[in-house]
Amino acid sequence: MSSPELVTVTIDGRDIQVPKGHGMIEAALEAGIEIPVFCYEPRLGGPIGACRMCLCEVEGMPKLQAACTMTAQDGLALSTAQTSAKAAEGQNAVLEFILLNHPLDCPDCDKGGECPLQDLTFRWGPGATRMRFPKRTFDKPIPVSPLIALDRERCILCYRCTRFSETVAEDGQLVAVARGASSIITTFQDEPYRAHFSGNVLELCPVGALTSTTYRFRARPWEIQNVPTVCGLCPVGCNVWATTREDKVARILSRNHGEVHEGWLCDKGRFAYAHLRAEDRISLPRRRVRRRGFEPVSWDEALDEAERALREAGGPVVVAFSGGETVEHAAALARLVREGLGGGSALLPETFHPTLDRFRAPLSAIRDADLCIVLGDEPVVERAPIVDLWLRAARRGGAEVATLNPAGTVSLPPGSAAWAAAQLQSESAAPELRPLARKLKEAERVALVWSEDDPSGGAHLAALADAVGVKASAYFLPRTPNGRGVAEAWGQPGETPTGEIGALIVSGDEAAADPRARELAERARFVLTTSMFESDLTLWANVVVPGTSYLERDGTTVNLEGRPQRQRRAVTPPSEDELVFFAALARRFGVEIDPWPGMLPDDHAPLPRPADQNGPVSAPKARAATSRSGKGLALVRYSALFSGAAVERVPQLQFQRPYPEIELAHPDAAARGISTGDSVTVSSNGTSKTLTARVNRRLREGVARIASEHAEGLENRVEVAGG
Amino acid sequence: MPPTRKAKHKLLFAQAEGRDLTRLPEYERVGGYESLKKALKMERSAVVDELLAANLRGRGGAGFPTGRKASFLPKPGDTPKPIYLVANADESEPGTFKDREIMARIPHMFIEGIVIAAHAIGASAAFIYLRGEYLREFEIVRDALEEARHAGLAGPNVLGSGWDLTIVIHRGAGAYICGEETALLESLEGKRGQPRSKPPFPAISGVYESPTLINNVETLATVPKIIELGGKKYAKLGVENSTGTRVFSLSGNVANGGNYEVELGTSLRELIYDIGGGIPGGRELKAIIPGGSSVPVLTAAEVDTPLDFDSMARAGTMLGSGAVIVMDDRCCMVQLGLRVAQFYMHESCGKCTPCREGTRWMVSILRKIEEGEASQGELDLLLNVCDRILGNCLCPLGDAAAMPVASYVARFRAEYQRHIDEGGCPFDGDSTLDHVMAPVDQHHARVRSEIEVPA
Amino acid sequence: MSSALYDEIQTIAAQYPERRSAIMPALRLAQEKFGWLSPEALREVADALDVTPAYCAAIASFYDMFHLEPVGRHMVEVCTNISCALVGAQQVLEAFESELGIEAGQTTEDGRFTLRTVECAGGCGWGTVVSVDHRYREPVKPEDVPGIVEELRSAAD
Ligand SMILES: Cc1cc2nc3c(=O)[nH]c(=O)nc-3n(C[C@H](O)[C@H](O)[C@H](O)COP(=O)(O)O)c2cc1C
Ligand code: SF4
Ligand code: FES
């Protein structure tokens with residue numbers, strides 16, 4: 001790539017060289033000059049020049065100009081308020097206008113101490129107001145959702161929040177209504193702002209207008225510490241700051257990693273931390289006594305019990321992983337089992353295809369692609385939310401984003417991903433994929449995304465990427481945050497034994513919820529779980545060791561790109577973490593493991609280069625799926641982002657959980673006389689549920705979709721009838 | 001709409017007297033669409049050259065040379081994007097109603113101008129952004145367009161040339177700001193009508209991020225006449241730098257309000273007295289707004305100022321939209337300021353800070369002055385607030401509020417001073433603008449206005 | 001969901017290079033059908049254009065001609081901008097207020113009339129301009145008002 005042309009601009013008399021077209025706010029910063037801004041936020045798209053805070057004098061222009069809207073051109077000479085009296089007067093004017101209707105409630109404003117408006121007023125603002133009229137008043141604060149409070153009096157109408165909603169998340173829910181001085185920020189009919197990324201507006205708001213209900217009045221800026229770490233709730237691995245106060249997590253803020261998430265977080269990552277303090281958290285080790293009872297035991301007694309049981313196991317050892325463990329934690333288990341116990345097998349949450357590393361690229365490369373193809377029936381936003389934002393950014397930038405699923409831009413029957421991947425490689429693609437196959441040939445940069453559970457999904461994706469060639473980057477979206485790191489740390493999973501099992505180690509809450517682990521437990525003589533919360537399996541287990549959250553331990557996690565990242569302990573767990581436990585246990589079997597992870601990645605981790613390998617990629621044969629076989633509708637289920645143990649334990653997040661609803665295609669609904677909002681009966685093979693219908697005009701005829709947490713007991717074909 | 005009275009040098013309306021030019025056959029009988037036929041035989045650039053030779057300046061308000069604006073657009077072969085023409089028919093500048101009469105009486109001339117201009121820039125589609133309240137005019141233009149399409153004068157394969165021009169009428173819905181060109185484009189794209197930051201200018205990235213030429217109704221309706229006469233001959237009308245005729249909208253305290261098409265350079269006196277019949281009821285002329293409510297006011301003493309761009313600039317004001325509002329001696333200049341400020345407060349789009357907050361502040365201060373409760377300092381504060389709005393906004397609407405109000409104070413300072421000194425309005429309820437109910441003050445039938453309007 | 005409105009909106013949307021441009025005509029259609037832009041009306045437009053109801057509200061509330069609260073079956077709008085005000089618009093408004101028994105901005109209790117003032121209507125030389133059900137009457141003098149109201153009262157709604 002050729003480097004961009006450099007030009008010389010002059011800012012406050014200082015000449016600096018920057019690339020042509022560089023934003024002047026950034027150029028000034030590079031010269032060490034700060035131009036105050038409110039509305040300007042490059043991540044929200046082009047500048048809008050609305051707040052006028054950045055007015056500067058520009059040589060050759062009679063009027064002051066908004067610096068945020070200017071780009072570097074050779075010879076451009078700009079003077080900020082620091083050297084130009086005219087610019088200073090303009091800036092004072094704007095600040096006075098902003099403060100006209102802004103209440104002076106800084107002492108009890110949550111933004112106090114970290115508020116750009118407060119800082120600017122302190123530095124440049126007028127000492128007293130010249131406004132002798134009543135300020136605008138509103139009811140305050142009003143809930144925008146259970147997570148977000150809005151104080152309209154403090155709002156300075158910078159439109160950052162609404163631009164985020166409209167142009168980044170594209171949820172279109174937070175909007176400005178009315179006009180002029182009557183303009184306000186609102187949702188439709190005061191309904192809650194219910195969207196996957198809503199919490200980002202809290203960090204975007206430059207004043208205390210939008211505040212977090214979970215953080216309001218909890219802490220003052222000088223009482224807190226910010227710990228750099230990585231979110232452990234999905235495979236994206238967003239970089240975050242965990243704000244702690246008195247050894248408790250008080251909030252999660254984003255820590256911008258431009259290649260991973262550009263500073264955005266989903267609401268699960270931002271708000272689910274409260275599950276750390278859930279009432280049903282397991283905080284003490286315990287062991288089973290007699291058939292039904294438990295007794296709390298000390299850490300050493302738990303170790304004794306585990307050691308005894310493992311020595312007496314007398315049969316194969318199996319470890320069931322959650323996919324959220326750190327690499328060090330998984331490696332410790334691997335060494336314990338292989339070196340200390342003479343071997344065993346593992347139940348891994350997912351399968352990875354190593355060839356995919358050839359097509360490794362940062363997530364930000366999606367934005368730079370001109371064609372993105374998403375294969376698989378699960379919505380990307382539910383699996384790896386930030387990837388959805390990157391795809392939207394790509395589309396806004398002019399890329400074509402083709403989604404191949406029953407509700408996609410290319411409508412395919414459920415279960416068509418593997419077939420579609422094969423078709424796209426073939427010289428004579430099926431008619432519905434032919435236009436896309438042609439575009440795939442012509443495109444210059446292609447991003448391929450796989451979004452569903454399929455053990456051979458990685459192979460299909462790799463084969464397609466291989467056929468597309470060097471211009472392809474490939475992203476396999478795992479279901480678990482560190483399933484890949486865990487799998488690599490463990491190595492070959494080995495055959496799962498049949499018959500009686502000597503000992504089963506259930507690592508983490510997701511493993512405890514896995515029906516396969518449950519089945520193994522029934523055959524196991526001894527079951528040990530490490531869990532944060534109670535589940536069927538903790539009630540079944542012989543020994544229960546308290547589990548920890550990603551915010552409570554140090555270690556390495558590998559995200560879906562294959563980027564090893566560092567998680568840090570932000571707060572102290574209720575008892576020692578799993579690594580300490582298994583290191584101690586391993587020592588009893590003569591295996592020395594460091595209970596503190598040694599070499600950890602940087603806090604701003606780079607992505608390893610794409611793997612340098614050659615050779616053919618083969619994928620299993622795939623057949624075309626059809627939605628027309630059998631009676632009723634084909635059911636597609638997906639695990640929703642806002643489902644699961646952590647979300648269930650945060651009261652403020654309940655409204656984000658998937659509605660008990662079934663999505664129906666327009667013709668199917670019409671044929672049954674069903675409209676959106678109707679109560680319908682969904683049944684299959686003896687199970688019957690009442691759900692609310694929602695007609696989705698994009699959904700393919702013959703297909704229905706339900707979030708997994710509402711689809712329990714239903715088979716793959718369902719009958720739907722109006723109430 | 002009452003008929004327009006005879007004025008002197010008519011060009012656009014020359015043949016409209018006593019004829020129904022809304023019908024195509026009648027329009028063709030007086031030479032309609034001949035200019036289009038002529039233009040289609042000309043090179044695109046030759047059409048633009050005629051506009052340059054005519055020195056036609058935009059009739060929407062800013063007076064930018066039309067030919068130059070057209071020449072900023074990329075040529076059809078040089079851009080992968082479609083090129084669009086947009087007719088600005090959102091006419092809402094207070095005092096202005098000329099575009100309405102053009103659309104109502106000579107709609108085909110307007111359409112012909114659109115087709116010629118679209119040909120000149122190689123546009124594939126044209127949009128008419130037509131003020132929402134103009135229902136009758138919409139119906140007339142819609143019907144005329146239908147006739148033109150049937151006759152092959154617009155639509156697919158215009159006059160057998162192989163060139164297709166789709167024309168879509170897009171109706172506004174009541175927002176003055178949508179007359180500002182970039183706000184108009186946003187509104188046309190289905191967004192809130194808030195102005196965009198420029199650059200990029202519409203000529204490079206306009207509607208749907210494509211090159212776009214935007215012109216006022218009257219500007220476009222003048223184009224066929226320029227092609228008919230030739231740019232040079234057209235330029236002989238009017239005065240230097242202000243060529244041709246303009247349709248002036250005359251209103252207020254004048255005997256015969258209405259639209260009058262006269263040569264540029266005609267004096268205000270001639271328009272108000274000779275054509276408009278002077279001030280009725282034996283009252284005296286007090287003040288004149290020469291170009292719509294956005295421009296600075298002139299006093300009675302300046303009634304001999306010629307209506308052309310340069311003379312107006314020398315007098316410290318602007319020709320604007322060509323709306324001449326006449327005030328007699330019963331008009332309180334503080335009330336005028338208040339009513340004008342209320343208009344801009346109501347119409348401020350809310351995007352940029354100085355306009356949104358400043359216009360509201362101006363209204364508060366002016367109300368206080370009118371009620372006789374303002375201190376001396378607050379009169380200075382008013383001027384300072386105007387000054388702090390001026391030049392600091394995203395679009396010209398803020399200036400359009402600050403400039404005229406500042407001019408009222410400057411030219412009628414004594415009257416403002418009396419309000420302060422006497423603790424009330426010297427007109428004592430007898431002013432024509434006394435207690436006029438402005439839309440900002442009434443309970444809104446749209447979103448409940450949650451702002452507390454200062455009492 | 002009325003599929004007639006849905007289909008009409010699709011036809012309008014097809015006229016534009018980008019569908020979103022159809023939002024203003026779609027809102028106008030929905031308003032004609034429902035009398036005002038109720039939440040339900042906004043939801044229908046949103047569904048037809050694949051935008052959110054909030055987006056529809058953001059657009060509708062920007063423009064004076066869209067009504068987010070119920071309005072009377074007859075709409076009387078009096079221009080009170082300078083040109084009309086200079087020739088007696090306030091007196092015309094007051095004549096309507098007393099004739100209808102409501103103030104500017106209000107709707108009669110029987111839901112028949114909404115009276116409001118508007119900014120410059122674009123008939124300044126022929127003031128006072130009054131728009132009655134979107135048709136201009138110009139010029140209107142205070143003495144014309146009883147006749148206009150009588151005419152509307154006797155007309156079928
Ligand atoms: C607040 C504001 C309102 C405007 N309203 C109108 C209008 O109603 N009609 C119009 O033609 N131009 C209006 N303009 C001017 C347009 O921005 C633009 O300059 C014009 O349409 C260009 O056409 P012209 O070159 O043919 O005059 C307005 C400008 C501003 C700043
Ligand atoms: S709420 Fe905050 S982010 Fe949104 S417009 Fe107001 S000040 Fe800006
Ligand atoms: S930061 Fe430049 S206008 Fe807001």
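Reply: With pairing. Two strands pair if DSSP finds at least two bridges between them. Strands of a sheet pair through backbone hydrogen bonds, either parallel or antiparallel. Keep in mind that this model is predicted.

Me: In what order do the five strands of the open sheet in chain A run?

Reply: The order is S20-S19-S18-S21-S22 in chain A, with parallel pairing. Strands S20 (410-411) and S22 (472-476) of chain A are the edges, each pairing on one side only. Five bridges join S21 (residues 446-450) of chain A to S22(A) in the parallel sense. In S22(A), A:Phe476 is the residue opposite A:Trp450.

Me: Which strands does helix H12 of chain A touch?

Reply: Helix H12 (residues 417-425) of chain A packs on the sheet and touches S18 (371-375), S19 (400-405) and S21 of chain A. The directions of H12 and S18(A) make an angle of about 145 degrees.

Me: Is A:Gln567 buried or exposed?

Reply: Buried means under 20% relative accessible area. A:Gln567 has 3%, so it counts as buried. It lies in strand S27 (residues 564-567) of chain A. A polar atom of the A:Gln567 side chain lies 3.3 Å from the backbone oxygen of A:Val230. Beyond its neighbours within four places in sequence, A:Gln567 contacts residues including A:Thr229, A:Cys231, A:Tyr550 and A:Asp554.

Key:
Residues numbered from 1 in each chain as written. Chains lettered and ligands numbered in written order. Predicted model: local features only at pLDDT ≥ 70, side-chain atom pairs only at ≥ 80, totals over all residues. Heavy atoms only, no water. Helix = DSSP H or I, 4+ residues; strand = E, 2+ residues; numbered from the N terminus. Buried < 20%, exposed > 50% of the residue type's maximum accessible area, 1.4 Å probe, protein only. Polar contact = N/O pair within 3.5 Å; in protein donor to acceptor, adjacent residues only side chain to side chain. Contact = heavy atoms within 4.5 Å. Axes fitted to C-alpha atoms, helices over the stretch in contact; angles between N-to-C directions.
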